[in-house]
Amino acid sequence: MIHITSSFVSLLAFVSIAAAQSAVWGQCGGIGWTGPTTCVAGSTCVESNAYYSQCLPSTSTSSGTGSTGTSTAALPTSTSTAKSNTVAQAAGKKYFGSATDNPEFTDAAYLAILSDNTYFGQITPGNSMKWDATEPEQGTFTFSGGDAVVSLAQGNSQLVRGHNCVWYNQLPSWVTSGSWTNATLTAAVQNHCSTLVSHYKGDIYSWDIINEPFNDDGTWRSDVFYNTMGTYFVDVALIAARAADPNAKLYINDYNIEGTGAKATAMMNLVSNLKSRGIPIDGIGLQGHFIVGEVPTTIQTVMEQFVALGVEVAITELDIRMTLPETDALLEQQKTDYQNVITACNAVAGCVGVTIWDYTDKYSWVPSTFSGQGAACPWDANLIKKPAYDGIIAGFSA
């Protein structure tokens, strides 16, 4: 998943800042941000990560507000009393999970729900295991953020998905600006993946070893790894990871591969190629960053096609965004969309689980990335379950 990066911040910097303060849900800080750093009355600037801070409604506000700033009482909420991970496991899945991030651990109300393993049997660190967080200088590794996520999960008897070893984004400058040869970058990738995965040996169910290697047309993404090593970087990372932790499931993770098309075909061809050459690959992650009313109708077919190649699949980063403001009709469609995604996974034995890309709109990446869009998660910004949650429960019960 593309988390908030300097490229997004640079894009937003072109937007004219007309007021001295950011509105509710607006950006108020982060690396590269040049706009307002204070928020309008009734909201507080909250850091999501080093690249993005957002004006969130103050918790002291007497009347709760949803992601539109209007009273949540005006919108429908969930009616289900079932617990999402309990229902998922009863349906034969390994987990229903959520992404999270270290700054959110200071939010006690948020953490209480995240730590309930009847809701979430698995968590994914959004940023703290990425290259810039774990090896900011060549050969110097820091694991404190990732360790905190693993410690939390283990205390809650939750699985952890590692995210990620090799991605074109959120790289330290020594990687992106290095004068690499095939040999020197191969050594750097081997060392990074080996050190990262071995540090968490035995603690991680599965790793997104390769993240987002393809363009939407199915061609290889141009980045420092592909441009220097060609497709060999995939082999190098997977082989190093397997040696570092033979029991962890090794995934390739991408978006827009959830429906039939050039990108999904490219990923299937890659899986077949890796399998034919004995390169370790255990799973494919379908991210699932969807738009309300636009969930691919072929998602189950695609999952079945991947499973037929001898890998498991998972929905790894599910959220379903809408153009704001929220309405009853949009929330009802979102409920249907969540149900359809879960139903598709439920129908495929090789789909092992579903992870939502944070469970609450309070910490969703969507509003900062897609202007005018949001409300993508099953819990609203006040940690109230939305109709989408009922769709999840219905999907696992199908």
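Is Cys193 buried or exposed? In this predicted model, Cys193 is buried, its relative accessible area being 0%. Cys193 takes part in no disulfide, and the nearest cysteine sulfur, that of Cys165, lies 3.7 Å away. Because a disulfide requires sulfur atoms within 2.5 Å, the separation of 3.7 Å between the sulfur of Cys165 and that of Cys193 is too far for a bond. Cys165 is likewise buried, with a relative accessible area of 0%.

A search of the whole structure returned one disulfide. The bond links Cys345 and Cys351, with an S to S distance of 2.1 Å. The torsion about this S-S bond is about -100°, and the disulfide is therefore left-handed. Cys345 and Cys351 are both buried.

Cys345 belongs to the buried set of helix α12, which also includes Leu331, Gln334, Asp337, Tyr338, Val341, Ile342, Ala344 and Asn346. In an α-helix there are 3.6 residues a turn, so residues three or four places apart point the same way. Helix α12 covers residues 328–346, 19 residues in total, and at 1.5 Å a residue should span 27 Å. The C-alpha atoms at its ends are 27 Å apart, in agreement with that expectation.

The buried residues of α12 pack against both strands and helices. The strands are β4 (95–100), β10 (289–291), β11 (312–323) and β12 (351–356), and the helices are α11 (299–308) and α14 (387–397).

Terms used. Residues are numbered from 1 along each chain as its sequence is written. This is a predicted model: local features need pLDDT of at least 70, side-chain atom pairs count only at pLDDT 80 or more; totals for chains, interfaces and linings use all residues. Side-chain values use heavy atoms; hydrogens and water are left out. Buried means under 20% relative accessible area, exposed over 50%, partly exposed in between (1.4 Å probe, protein chains only). Helices (H or I, at least four residues) and strands (E, at least two) are DSSP runs, numbered from the N terminus. The expected span of a helix is 1.5 Å times one less than its number of residues. Contact means heavy atoms within 4.5 Å.
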